[in-house]
Amino acid sequence: MSHTALGHVNLADVPVARPVGRLSAVSGLLLEATGYAFETGQHARIETTTGSWLDARVVGFRQGVSYLMPFRPAEGLAAGARVFAEDGGRSLAIGPAWRGRIIDGLGEPIDGRGPLTGEASLNLEPPRINPLRKRPVAGTLDVGVRAIDGMLTLGRGQRVGLFAGSGVGKSVLLGMITRQAAADVVVVGLIGERGREVGEFVEHALGPEGLSKAIVVVAPADESPLMRLMATELCHAIAAHFRDAGNNVLLLVDSLTRYAMAQRELALALGEPPATRGYPPSVFGLLPRLVESAGNGEGEGSMSAIYTVLAEGDDEQDPVVDTARAILDGHIMLSRDLASQGHYPAIDVLRSVSRCMSLVAPREQQAAARKVRDMMARHASVRDLIPLGGYVEGADPATDHAVAMHESILAFLCQAQDESSSREATLNTLAELVV
């Protein structure tokens with residue numbers, strides 16, 4: 001056979017055989033393969049009895065046995081099925097056309113609007129940046145929520161946690177931030193949520209206005225732990241791409257706790273011993289690595305991040321809650337008591353802090369915010385006495401003033417879901433409270 005007949009293909013480059021492993025066991029979440037030295041992190045394809053292929057990732061090995069976790073539910077598998085290793089890492093073509101789209105953890109569209117298109121190649125692994133080369137947090141990030149912009153000002157490149165139990169308005173607040181935030185691109189990760197909530201969030205919380213500048217990555221609770229992990233990492237990779245292209249990007253991940261739970265499922269399946277409240281040690285090593293991939297890079301773009309953290313049973317000593325509070329640049333606490341009183345967004349200002357506010361907010365605003373905090377703390381100290389008649393006006397002028405201003409402060413902190421507030425209006429109202 002001639003060289004020309006092969007279409008200019010060098011015969012020396014044509015493989016005579018393709019290495020293949022064999023499926024030896026299915027154990028819970030894991031598949032076991034033998035006969036080939038798979039690499040950790042490598043993608044593989046497994047033959048099924050229906051003639052189709054099941055995609056999986058190599059997550060570990062032990063004594064010649066490779067452990068794989070499938071992306072989708074494992075069905076139609078048989079002992080001895082062929083397992084092929086996929087050469088090279090996966091990548092996607094990404095571009096501005098991604099805005100307004102809803103995708104899964106593999107980067108495949110699920111909104112029925114056709115394939116995704118782009119001009120650049122996206123590496124699915126979140127980037128790692130030398131900390132000395134990262135640009136510091138600079139400039140304010142206005143999210144259109146008075147309680148945050150006025151009392152807990154965020155900076156571009158800051159990473160903050162939104163700590164909440166269930167049913168306190170977390171999704172509504174995220175929708176408000178997505179629609180009103182001063183960002184060129186918003187990347188939203190819905191990780192481990194109920195499937196019903198995904199459609200409700202997109203339709204009601206986001207709306208057409210929010211979706212137009214957002215990229216939504218979805219991995220519901222019924223997806224495999226691996227898909228939930230990959231979806232979270234994909235969010236960071238997408239946000240980093242647009243940041244490096246010079247955009248101001250806001251990343252919203254709901255939730256960091258579900259990401260930690262997915263890693264717990266994977267680690268326990270691999271035999272890692274549980275440590276703190278059932279979480280293996282690898283979870284607490286993975287969370288900082290994920291969070292550190294957010295923030296500013298070396299270029300002109302910025303990447304701010306808000307992670308929701310679920311306080312199961314409103315337990316603030318939960319290990320994931322405690323770890324997140326330590327590695328993030330601030331925490332916004334949502335209160336069930338405020339939510340039960342109809343105070344939305346239910347942000348407990350006295351228990352919340354933005355560690356970057358002193359870097360980006362004007363001194364006049366910081367002074368006004370401190371005075372409002374002082375009035376809120378003074379009112380809280382006598383709040384239980386007021387309905388009982390135990391508080392006597394005139395004993396402390398500062399406390400009397402705090403009680404008198406309480407309703408005005410509540411009106412400033414409360415905000416309807418469809419109500420927008422510019423930074424200028426927020427700061428003017430804040431200044432009026434301390435005159």
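Biologist: What comes after H5, and what is its phi?
Modeller: Gly271 follows H5, and its phi is positive, near 95 degrees. Bear in mind that this is a predicted model.

Biologist: And H5 itself, what does it span from first C-alpha to last?
Modeller: H5 covers residues 256-269, 14 residues in total, and reaches 20 Å, close to the 20 Å expected at 1.5 Å a residue.

Biologist: Which of its residues are buried?
Modeller: In H5 the buried ones are Leu256, Thr257, Tyr259, Ala260, Met261, Ala262, Gln263, Leu266 and Ala267.

Biologist: Switching to H2 and H3. How do their axes sit?
Modeller: The axes of H2 (residues 170-180) and H3 (residues 195-212) come within 9 Å and cross at roughly 10 degrees. An angle under 35 degrees counts as roughly parallel, so the two helices, H2 and H3, are roughly parallel to each other.

Biologist: Which residues make the contact?
Modeller: From H2, Ser171, Leu174, Gly175, Thr178 and Arg179; from H3, Phe201, His204, Ala205, Leu206, Glu209 and Gly210. The contact residues divide into 4 nonpolar, 5 polar and 2 charged.

Biologist: Now the largest nonpolar core. Which members touch the most others?
Modeller: Trp98, Leu122, Ile238, Leu251 and Tyr307, out of 60 residues. Helix H4 (residues 225-244) gives the largest share of this core, 12 residues.

Biologist: What does Ile238 touch?
Modeller: Leaving out residues up to four places away in sequence, Ile238 touches Ile94, Trp98, Ile103, Leu122, Val187, Ile215 and Val217.

Biologist: What lies apart from that core?
Modeller: Another core, of 55 residues, lies apart from it; Leu141, Leu174, Leu334 and Met357 are among them. Leu174 is also one of the H2 residues in the contact with H3.

Note on methods:
Residues are numbered from 1 along each chain as its sequence is written. This is a predicted model: local features need pLDDT of at least 70, side-chain atom pairs count only at pLDDT 80 or more; totals for chains, interfaces and linings use all residues. Side-chain values use heavy atoms; hydrogens and water are left out. Axes are lines fitted to C-alpha atoms, for helices over the stretch in contact, and angles run from 0 to 180 degrees between N-to-C directions. Helices (H or I, at least four residues) and strands (E, at least two) are DSSP runs, numbered from the N terminus. Angles under 35 degrees count as roughly parallel, over 145 as roughly antiparallel, 65 to 115 as roughly perpendicular and the rest as oblique. Contact means heavy atoms within 4.5 Å. Ala, Val, Leu, Ile, Met, Phe, Trp, Tyr, Cys and Pro count as nonpolar, Asp, Glu, Lys and Arg as charged, and the others, Gly among them, as polar. The expected span of a helix is 1.5 Å times one less than its number of residues. Buried means under 20% relative accessible area, exposed over 50%, partly exposed in between (1.4 Å probe, protein chains only). A nonpolar core is a set of buried Ala, Val, Leu, Ile, Met, Phe, Trp, Tyr and Cys residues joined through side-chain atoms within 4.5 Å.
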